Amino acid sequence: MIEIKNLSKSFGKHQILKDINLRIGRNEFCVLLGGSGSGKTTLLNILSGASEFDGGEVRIGERKFTSRVSMDKSRQIITQTYSLMPWLSAKENIKFALKCSGMKDKWLRESRAEEFLQLVGLAHRAQMFPHSLSGGQKQRVAIARALSLSPEILFLDEPFSALDPITRANLQLRLKEISSKLTSIFVTHDIDEALFLACKIVVLHDGRIIKELSNPKFNPHDVRYFELKAKIFDLINGEDSDPEYMI
């Protein structure tokens, strides 16, 4: 479980996060939803250990952090930039990450890389280099690499925002299938993406959490889906609204 208490973060005189309090349960899929400048990516970076914070505390399991969350292979982050090494094949990218994590057995690295490429449907692209892969395929390699390290927590910072709509929808579905046994924290500005993926939706505006919503999982063709989406849109834009289905 992740617990955040009174978290704050500033850049110079500008306060980015203000008194953030949040609990994320084990194996929960939590979406941080907000517009540009809402603080959602800053919060994700703090939780993943990529950024320090100024005040408050973060608890992950039994560990408490008061200035920076330590990096750990049990916590992996995926961004929209893929971060693949261009001189390594898809399989070699995964094997290299496993080697860096301390896995000494090269045959185990080989089999594990094959296993996770199969999981994301890219076994037939194992020997291809990043420049020969599409954007969606690169992102699937990045997901396979992260999952091969057996993380307990997966952080995702708008990983599908640069992809075409069909590829994006396919990867959203694949992520939903393979993340059921992980705690996942996903940043997006897309309300439909949040409603498709999330167990919990945390809406941020101007550096504050203004609402936590349980996701009722309405059918996208249900009129209640459109009503809830409209209310969330108001929240993202800082307008006074009080959606139902609150936690």
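**View 1. The second largest pocket has a volume of about 270 Å³.** Here a pocket is an open set of points, on a 1 Å grid over the protein atoms alone, where a 1.4 Å probe fits, with protein on both sides within 12 Å along at least five of seven lines. Grid points are joined across faces, edges and corners, and the volume is the space filled by probe spheres set on them. This is a predicted model, in which local features need pLDDT of at least 70 and side-chain atom pairs count only at pLDDT 80 or more, while totals for chains, interfaces and linings use all residues. Residues are numbered from 1 along each chain as its sequence is written, and side-chain values use heavy atoms, with hydrogens and water left out. Fifteen residues line this pocket (each with an atom within 4 Å of a point), and Met 1, Arg 26, Ile 60, Glu 152 and Ile 153 lie nearest its centre. The lining splits into six nonpolar, four polar and five charged residues. Nonpolar stands for Ala, Val, Leu, Ile, Met, Phe, Trp, Tyr, Cys and Pro, charged for Asp, Glu, Lys and Arg, and polar for the others, Gly among them.

**View 2. The largest pocket holds about 390 Å³ of space.** Look for Gln 76, Ile 77, Arg 145, Ala 146 and Leu 149, which lie nearest the centre among its 22 lining residues. Strand 6 (75–79), helix 2 (90–100) and helix 4 (135–148) each supply at least two lining residues, and strand 6 gives the most, with five. Helices (H or I, at least four residues) and strands (E, at least two) are DSSP runs, numbered from the N terminus. By class, the lining has 12 nonpolar, six polar and four charged residues.

**View 3. Thr 183 sits in strand 8 (residues 183–188).** A polar atom of the Thr 183 side chain lies 2.9 Å from the backbone nitrogen of Asn 27. Beyond four places in sequence, Thr 183 is in contact (heavy atoms within 4.5 Å) with residues including Arg 26, Asn 27, Glu 152 and Ile 153.

**View 4. The largest nonpolar core has 47 residues.** Such a core is a set of buried Ala, Val, Leu, Ile, Met, Phe, Trp, Tyr and Cys residues joined through side-chain atoms within 4.5 Å. Leu 33, Leu 154, Leu 175, Phe 186, Ile 201 and Ile 232 touch the most other members. Helix 4 contributes the largest share, six residues.

Notes. Buried means under 20% relative accessible area, exposed over 50%, partly exposed in between (1.4 Å probe, protein chains only). A polar contact is a pair of N or O atoms within 3.5 Å; within protein, one must be able to donate a hydrogen and the other to accept it, and residues adjacent in sequence count only if both atoms are side-chain atoms.
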